[in-house]
Amino acid sequence: GHRTNRFGGRNGHIPSNVIYRDGGVWLFKPRTIRNGLVLYGKVISLKDGRKAYNVKKQQLGAYQFDYSCTCLGSFLGHYLCRHVAQFKLAEAATEERR
């Protein structure tokens, strides 16, 4: 059978706005900044590789950013889950490359 990449577009191509991809972390830059969203990504679960969590970085103020994740830990109010930490590391890596 044909396996499609769940990160891909309609025909399995990776969206053009991917700015970083390493191991279990993918970062995307939104084409337009809506609701303060400056960066978003997918972080694959270390425990269960079939699960991927969505992480968002939103701008609140001049130099204030808020990170959120769709994992249960983040939902239950743990401030920085492992997925956000991985996302931040990937984000730092992209900034070093520029």
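**Exercise 1.** In this predicted model, determine which residue lies over the face of Phe65, and at what distance from the ring centre.

*Solution.* The residue over the face of Phe65 is Lys57, which lies 4.2 Å from the ring centre.

**Exercise 2.** Find how many aromatic pairs the whole structure holds, and classify the pair formed by Phe28 and Tyr40.

*Solution.* Step 1: a search of the whole structure gives 2 aromatic pairs. Step 2: for Phe28 and Tyr40, the ring centres are 5.2 Å apart and the planes meet at 20 degrees. Step 3: planes under 30 degrees apart count as stacked, so the pair is stacked. Step 4: Phe28 belongs to strand β2 and Tyr40 to strand β3, 12 residues apart, so that the pair links distant parts of the chain. Step 5: Phe28 counts as buried at 5% relative accessibility, whereas Tyr40, at 28%, is partly exposed.

**Exercise 3.** Classify the pair formed by Tyr67 and Phe87, and state whether these residues are buried or exposed.

*Solution.* Step 1: the ring centres of Tyr67 and Phe87 are 6.0 Å apart, with planes at 75 degrees. Step 2: an angle over 60 degrees counts as edge-to-face, so this pair is edge-to-face. Step 3: the pair joins distant parts of the chain, with Tyr67 in strand β5 and Phe87 in helix α2, 20 residues apart. Step 4: both Tyr67 and Phe87 are buried.

**Exercise 4.** Identify the residues that touch the most other members of the largest nonpolar core.

*Solution.* Step 1: this core has 15 residues, and those touching the most other members are Leu27, Val55, Cys69, Val84 and Phe87. Step 2: at least two core residues come from each of β2 (25–28), β3 (37–44), β4 (52–59), β5 (65–69) and α2 (82–97).

Conventions: Residues numbered from 1 in each chain as written. Predicted model: local features only at pLDDT ≥ 70, side-chain atom pairs only at ≥ 80, totals over all residues. Heavy atoms only, no water. Core = buried A, V, L, I, M, F, W, Y, C linked by side-chain atoms within 4.5 Å. Buried < 20%, exposed > 50% of the residue type's maximum accessible area, 1.4 Å probe, protein only. Helix = DSSP H or I, 4+ residues; strand = E, 2+ residues; numbered from the N terminus. Phe/Tyr/Trp six-rings, centres within 6.5 Å; stacked < 30°, edge-to-face > 60°. Lys NZ or Arg CZ within 6 Å of the ring centre and 35° of its normal.
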